[in-house]
Amino acid sequence: MSIHRLERLAGEAEARLPVAVARYFRQGSGASVSTAEAVIAWERQRLLPHALVDVSQVETGTTLLGTPVRTPIAVAPSTFQRAADPQGERAMAAAVAELGSLLTVSSNAGTRFEAIAETGVAWWLQAYLPSDRHAALPLLERAVEAGARAIVLTADTPVVANKDDGDAETIWQIAEDDWLQVNFDANYGSRPEHAKARDLGPADIEWLRERTGLPVVVKGILRPDDAARCVAAGAAAIWVSNHGGRQLDGAAATADCLPDVVAAVGDQAEVYVDGGIRSGRHVLTALALGARGVFLGRPPLWALAAGGRDRVVTEMTVLNDELVEAMQLAGMSRPRADPSLVMTARR
């Protein structure tokens, strides 16, 4: 899935979507500085390939928190998947199951957890915690009962950043009732204490572990000191992310933050990364810098909008094929950390 192929895919998807939905999927916050820089940050990385290495057999399989996957390329949580395709998260889950990868399901999903689980996909729940933590328990319990294998705590959203829609129609004005939050209790969101917590702290990691019995991944980390605090509090993994440039505009690119986070906690917890990953070479770079897996947000959404489940399978397969080629050319026979492969990491 080269950058040019992806832009064609995005164009095809946007031609099928209402303008408000297409804009919502693509836009960042503020002036979209961070969103624009995400791909550029991966593109400026330069590689020092190994030579005289046997790459007659290349294996892309790995594990993510103990779950075997056939590829280190997984799918990040995203809202409004039913705006992209009527089958929404169920179609995405079926595609990811066929690919042998892993799906992160948004707490705002428009599909019941049970229907997602019926596809056989390995999945994690992404969660925002409300100011009244106990208000989140019904959602968490439903996810556990439906087979979620981990909880992904989003840590970078004490408030939702403004998006510049001008006077244009927004997705919220055209959204159907069943496009989102179908796994919440009917009255969720009706009281002030249901608002996103502005007082998140390390104690919430242990609270989630105790309440769900599942490992906790903390998503939205860019700083090594924050990563260390999360791991010390019991996080099983750190997800390097700036929310696709949709929160603090001007936040650093994940490609630039990944090496320092890996150096701080990579020997204690798994580290993942998202943001601007658009090619097999980008995936290879992330793996070499120490990411255990990479997560894609917009590309699978565009594929879903362009052609449903089958198109997601096609485009993700192309990306994994690109990864295999990049690994062969770089002298890497399996996913592993190898900072010496990335020239910019040596400076």
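Modeller: Buried means under 20% relative accessible area. Keep that cut-off in mind. The model here is a predicted one.

Biologist: Is Asn-320 buried or exposed?

Modeller: Asn-320 counts as buried, because its relative accessibility is 16%. The residue lies in helix α13.

Biologist: What does Asn-320 touch, not counting residues up to four places away in sequence?

Modeller: With those residues set aside, Asn-320 touches Thr-60, Thr-71, Pro-72 and Ile-73.

Biologist: Now Met-316. In which helix does Met-316 lie?

Modeller: Met-316 lies in α13. Its relative accessible area is 6%, so Met-316 is buried.

Biologist: On to helix packing. By what are two packed helices described?

Modeller: Packed helices are described by two quantities: the angle between their axes and the distance between the axes. Take α5 (residues 88–99) and α13. Their packing angle is about 10°, and the axes are 8 Å apart.

Biologist: How are α5 and α13 oriented to each other?

Modeller: Angles under 35 degrees count as roughly parallel. Helices α5 and α13 are therefore roughly parallel to each other.

Biologist: Which residues of α5 and α13 meet?

Modeller: On the α5 side, they include Gly-88, Ala-91, Met-92 and Ala-95. The α13 side includes Leu-304, Val-312, Val-313 and also Met-316.

Biologist: At what angle do helix α12 and helix α13 pack?

Modeller: Helix α12 (residues 280–288) packs on α13 (residues 298–330) at about 60°. Here the axes are 7 Å apart. That angle makes α12 oblique to α13. The crossing of the two is right-handed. Among the α12 residues in this contact are Val-283, Leu-284 and Leu-287. They belong to a set that meets α13 residues including Leu-319, Leu-323 and Met-327.

Biologist: Let us turn to strands. How many residues of β7 are buried?

Modeller: In general, side chains in a regular strand alternate between the two faces of the sheet. Strand β7 (residues 216–221) is mostly covered, with 6 of its 6 residues buried.

Biologist: In which sense do β6 and β7 pair?

Modeller: Strand β6 (residues 151–154) pairs with β7 in the parallel sense, over 4 bridges.

Biologist: Over how many bridges do β7 and strand β8 pair?

Modeller: β7 and β8 (residues 237–240) pair over 4 bridges, in the parallel sense. Val-240 in β8 is the bridge partner of Ile-221. Next, trace the chain through helix α10 (residues 224–232). Together, β7, α10 and β8 make a right-handed β-α-β unit.

Biologist: Last topic, backbone angles. What is the phi of Ser-32?

Modeller: Ser-32 has a positive phi of about 60°, although it is not a glycine. Ser-32 is found in the loop between α2 (19–26) and α3 (33–43). Its relative accessibility is 22%, so Ser-32 counts as partly exposed.

Biologist: And where is His-243 found?

Modeller: His-243 is found in the loop between β8 and α11 (254–265). Its phi is positive as well, at about 65°, and His-243 is not a glycine. Apply the opening cut-off once again. With a relative accessible area of 16%, His-243 is buried.

Definitions and conventions:
Residues are numbered from 1 along each chain as its sequence is written. This is a predicted model: local features need pLDDT of at least 70, side-chain atom pairs count only at pLDDT 80 or more; totals for chains, interfaces and linings use all residues. Side-chain values use heavy atoms; hydrogens and water are left out. Buried means under 20% relative accessible area, exposed over 50%, partly exposed in between (1.4 Å probe, protein chains only). Two strands pair if DSSP finds at least two bridges between them. A crossover is right-handed if, with the strands pointing away from the viewer, the path from the first strand over the helix to the second runs clockwise. Axes are lines fitted to C-alpha atoms, for helices over the stretch in contact, and angles run from 0 to 180 degrees between N-to-C directions. Angles under 35 degrees count as roughly parallel, over 145 as roughly antiparallel, 65 to 115 as roughly perpendicular and the rest as oblique. A crossing is left-handed if the near helix is turned anticlockwise from the far one by less than a right angle, and right-handed if clockwise. Contact means heavy atoms within 4.5 Å.
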